[in-house]
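Please open the model in your viewer and keep the selection tool at hand. The stops below can be taken in order.

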Amino acid sequence: MIDQETYVRIHDLHRQRWTCKEIAAETGCTRRRCRMLKADGPPTVRVTPDSSLVMSAVWKERTALLIAKFPRLLGISVHNRLRADGFDGGYRQ
């Protein structure tokens, strides 16, 4: 799956009249994907594999509870609350 930043970059280059071959060379995607992306919309969900999250079970549970209790809470707000509880991990958008 392609991320939103790459999708936007591809469409910007396409609007500047770059060819699919040039866009593919610039972004690292295939020419076929470039042609398909012209018609499709951007990815709607940011995919983060669970293995990339370096977080103990305690913090995962605390995060799940916060999200369950406050479903509209922003990610940075969840991070700030975890930091207040002693979490020393980072936050990356």
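Predicted model: local features only at pLDDT ≥ 70, side-chain atom pairs only at ≥ 80, totals over all residues.

Residues are numbered from 1 along each chain as its sequence is written, and side-chain values use heavy atoms, with hydrogens and water left out.

Select residues 4–15, helix H1, together with residues 20–27, helix H2, whose axes come within 10 Å and cross at roughly 145°. Helices here are DSSP runs (H or I, at least four residues) numbered from the N terminus, and axes are lines fitted to C-alpha atoms over the stretch in contact, with angles running from 0 to 180 degrees between N-to-C directions. Now show the side chains of Thr 6, Arg 9, Ile 10, Leu 13 and His 14 in H1, which meet Ile 23, Glu 26 and Thr 27 in H2; contact means heavy atoms within 4.5 Å.

Next select helix H4 (residues 57–69) and helix H5 (residues 75–84), which pack at an angle of about 130° with their axes 11 Å apart. On the H4 side, the contact is made by Trp 59, Arg 62, Thr 63, Leu 66 and Ile 67, and on the H5 side by Val 78, Arg 81 and Leu 82.

Stay in helix H5 and pick His 79, which counts as buried at 11% relative accessibility, where buried means under 20% relative accessible area (1.4 Å probe, protein chains only). Leaving aside neighbours within four places in sequence, His 79 is in contact with Phe 87, Gly 89, Gly 90 and Tyr 91.

Key. Helix = DSSP H or I, 4+ residues; strand = E, 2+ residues; numbered from the N terminus. Buried < 20%, exposed > 50% of the residue type's maximum accessible area, 1.4 Å probe, protein only.
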